Amino acid sequence: MARDTEQFQVLRVIGNNVVMVEGGKKSKEYVIIGKGIGFALKDTGVIDSDDPRIEKLFRLEDREEWSQYQILLEDIDPKVMKITDEIISDIAREFSGKLNDKIYLALPSHIQFTIFRLRSGMDIVNPFLEETRMTFPKEFEIASKAAEKISEGFEVQIPEDEVGFLTYHVYSAVSNVPVGQLVKASNIVSELMEMIRSERKIRFEQGSMNHVRLMVHLRFSIERILQGSLIDNPFVKHIKKEFKDEYKLAHRMGTFMQGKLSVDVPEEEICFLAMHLHRLFQTIEKNK
C-alpha cells in the first residue's frame, strides 16, 4: 500500500536554497532549506514532503523569533538572496561537511543591513579585524571574495572592517558556532590580551608571531571551554610547580573567562594557558 505523501504549498521562493511554505499535518508555516529546492519553483507551486532535496524543514517555535524571520524573508531583496546563494556555494566548495542551516537566514539578513548602512553613509568599524584575519585566514579569504561580489552587485564599496564581520558568518557556517558567540569571544580575547600587557608591562607587535600565537590560543581555548571539550594535560602538577607566576596569571584569566562565559574553566585548560604564557615571556625576554 502506497504511503500518503504530505504536500507543502509554496508561499514564497526566497532563493535557490530557501522556500517559505504552508502545510503538513498541522497546516503551519515552515521554512524549507535544501540545495536547489527553490530553483525553477513559482510561488504557486507545491513541494512533496519526501522531496529528496529537502535538507531541513523547520518552524521557529518562538513567536517573536518567527515573526522577525518572517518579516526578514518577506522583505529581503531577491538580489541579496542571489548573491547569498553564490557565497554559500563558495563556502560549500571550500569546506567539506554540511553547513549550518542558519546561514541561509543570517547571511542575507546581514548583507541587506550592511548595504543599507553603507548607502546611508554609516561607518562600519570592526575592532577585531586583525584578530579575525589572523585567527581565521581561510574564512577571511572567502569573506573577501564575498565582499567583492556584494560590491559589484550593489555598486557599494565594502570596507575591510566588514570583511571581518563576514568572516564570522563563514566560520559560523562551517563550525556551528553562533555569530554572537564569536563576537563575544573576540571581546574576551581583547580583554585577556590587555590583562597580559598590564601584568607584564609588555607590548605586542601587531601581526608578530607572538601576537598571533597568543590570540589564536585564547580564541580556541574559549571555544573549547564553551563546547565542553576537555584537553588532556598530563603536566598539570609540573606546570603549577615550575611556572608559578605564569600559573597565577593564567588562573586569574581563567576566573575572568568563567565570569564572562558562565562556564567552569578546567584546570587542564588553565595550565595549558600557563604553558603558553611561559613560552611567550621567554621569547620576549630573549628578544630584548
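Is strand β2 largely enclosed by the rest of the structure or left open, and how many of its 6 residues are buried? In β2, 5 of the 6 residues are buried, so this strand is largely enclosed by the rest of the structure. Here buried means under 20% relative accessible area, exposed means over 50%, and partly exposed lies in between, with a 1.4 Å probe and protein chains only.

The model is a predicted one, in which local features need pLDDT of at least 70 and side-chain atom pairs count only at pLDDT 80 or more, while totals for chains, interfaces and linings use all residues. Residues are numbered from 1 along each chain as its sequence is written, and side-chain values use heavy atoms, with hydrogens and water left out.

**The sheet around β2**

Helices (H or I, at least four residues) and strands (E, at least two) are DSSP runs, numbered from the N terminus. The strand β2 belongs to an open sheet of 5 strands, with the order β4-β1-β2-β3-β5 and antiparallel pairing. The edge strands are β4 (46-48) and β5 (56-58), each of which pairs on one side only. On average, neighbouring strands of this sheet are turned by 35° against each other, direction ignored; axes are lines fitted to C-alpha atoms, for helices over the stretch in contact, and angles run from 0 to 180 degrees between N-to-C directions.

Two strands pair if DSSP finds at least two bridges between them. Strands of a sheet pair through backbone hydrogen bonds, either parallel or antiparallel.

| β1 and β2 | 6 bridges | Arg 12 and Met 20 |

Gly 23 stands opposite Lys 28 in β3, and a hairpin joins β1 to β2 through 2 residues.

**Helix α2**

The buried residues of helix α2 include Val 80, Met 81, Ile 83 and Asp 85, and the buried residues of this helix pack against β1 (7-15), β2 (18-23), α3 (103-119), α5 (137-154) and α6 (160-175), where contact means heavy atoms within 4.5 Å. The 17 residues of α2 (residues 78-94), at 1.5 Å a residue, should span 24 Å, and the end C-alpha atoms are 25 Å apart, which agrees; the expected span is 1.5 Å times one less than the number of residues.

Pro 137 is found in helix α5 and is exposed, with a relative accessible area of 52%. The C-alpha atoms of Pro 137 and Val 46 are separated by 42 Å, and these residues are 91 apart along the chain.

His 217, found in helix α8 (residues 209-227), counts as buried at 7% relative accessibility. The side chain of His 217 makes a polar contact with the side chain of His 276 (3.4 Å). A polar contact is a pair of N or O atoms within 3.5 Å; within protein, one must be able to donate a hydrogen and the other to accept it, and residues adjacent in sequence count only if both atoms are side-chain atoms.
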